[in-house]
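These are my notebook entries on a single structure. I set down each item as I looked it up.

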Amino acid sequence: MNEERPPDFADLLQVIPELHCDLRYGGPDNFTGAPVAGYAQPRPWLSKAAAQALLPVQETLLAMDLSLLILDAYRPARAVRHFLCWAGDGVEDAQLRQRFHPTLAKTELFDAGYLAARSSHSRGSTVDLTLCARDAGEDALPMGTEFDFFGPASWPHALGIGLQERANRLLLQRLMLAHGFVQSPLEWWHFTLRSEPYPGRYFDFPLETEPAPSA
Ligand SMILES: C[C@@H](N)C(=O)N[C@H](C)C(=O)O
Ligand SMILES: [Zn+2]
C-alpha cells in the first residue's frame, strides 16, 4: 500500500502565482532517457513551509517580468531507487552520457555527489529550479549548463560560463538564500529549505494530482 501524503504538503501550482513547471522526471527528457518511477502523474509537491518560502521569491521575480521554473520538487524514494538501478544496470548510453555527464561514468555519479542514494528531495523541502521569462512557457534563461549536467560547470560559482549566465545564477542564488534556502555546492539548481520540517524523513508516496472533491 502507498504511504499517505502528509497534510502539510502543498501543490506548488496551487499556491504560487504564474509558476512555470517542467517536471523532467515525468517524461524521457532527463539524464536516464526515460520516465522515472513514481512520476506517473507529475505534480510539484513540497512541504507547505518550503512552498511559503518560495512565494516571496516568485513575487520578486514577477515584478521583474521573470518567473521560477520548477524542474523537480518532492521526489518519492522509489524514484531514487530507480536512479540507483539505472546507474547499476551496466548499460551506458553514449548520447545521454555526452549530454549529461561526459566526464563521469554513470556508475560514478553517486560517489561524485551528483546523485544521492537518500535524496533530500524525498524529505519534501528540496527543489530543483531555474528562471524563465514571466510569459515564456518553459524556455529557461541561460545558466551556463542545462539542468542535470553533472560536472564542474554546474557548480554554482563555476568560471568559464558567460557573464549573462553568471548574472542569472547569482540572481537565483541571492533570492533563494535570502528566503531561507541553502544551495548545493555542486548543482546551481538544487536548493533545500534551511528549517525543513522533516529533516529525518524520506517519503515514498507517489506523485499524483489531488482527487476531485466529491459532489
Ligand atoms: C539528480 C539531481 N537533480 C539531484 O537532485 N541531485 C541531488 C544530489 C539528489 O539526488 O538529491
Ligand atoms: Zn535536486
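Predicted model: local features only at pLDDT ≥ 70, side-chain atom pairs only at ≥ 80, totals over all residues.

Entry 1, an aromatic pair. I looked up Phe-9 and Tyr-74 and found both buried, that is, under 20% relative accessible area, where over 50% is exposed and in between is partly exposed (1.4 Å probe, protein chains only). I then examined the rings of Tyr-74 and Phe-205: their centres are 4.1 Å apart and their planes at 20 degrees, so I recorded the pair as stacked. For Phe, Tyr and Trp (its six-membered ring), rings pair if their centres lie within 6.5 Å; planes under 30 degrees apart count as stacked, over 60 as edge-to-face and the rest as tilted. Tyr-74 belongs to the loop between strand 4 and helix 3 and Phe-205 to the segment after strand 7, so this pair ties together parts 131 residues apart in sequence. Phe-205 is buried, as is Tyr-74.

Residues are numbered from 1 along each chain as its sequence is written, chains are lettered from A and ligands numbered from 1 in the order written, and side-chain values use heavy atoms, with hydrogens and water left out. Helices (H or I, at least four residues) and strands (E, at least two) are DSSP runs, numbered from the N terminus.

My search of the whole structure returned 17 aromatic pairs. Phe-9 and Tyr-74 form an edge-to-face pair, with 6.0 Å centre to centre and 90 degrees between the planes. Phe-9 is in strand 1 (residues 9-11) and Tyr-74 in the loop between strand 4 (66-72) and helix 3 (77-87), 65 residues apart. I also recorded one aromatic cluster whose members include Tyr-25, Phe-83, Trp-86 and Trp-188.

Which residues coordinate the zinc ion (ligand 2)? I found His-121 (NE2), Asp-128 (OD), Asp-128 (OD) and His-190 (ND1), at 1.9 to 2.7 Å. Donors are N, O and S atoms within 2.8 Å of the metal (3.2 Å for Na, K and Ca); water is not among the atoms, so sites may look incomplete. Along the chain the donors follow the spacing H-x6-D-x61-H. Asp-128 in strand 5 (residues 126-133) and His-190 in strand 7 (residues 190-193) are 62 residues apart. His-121 lies in the loop between helix 5 (109-112) and strand 5. I read relative accessible areas of 0% for His-121, 2% for Asp-128 and 13% for His-190.

At 1.5 Å a residue, the 16 residues of helix 2 (residues 48-63) should span 22 Å, and I found the end C-alpha atoms 23 Å apart, which agrees; the expected span is 1.5 Å times one less than the number of residues. Its buried residues include Ala-50, Leu-54, Val-57 and Leu-61. Just after helix 2, Asp-65 takes a positive phi of about 60 degrees.

Met-143 lies in the loop between strand 5 and helix 6 (163-178), and I noted it as buried at 3%.
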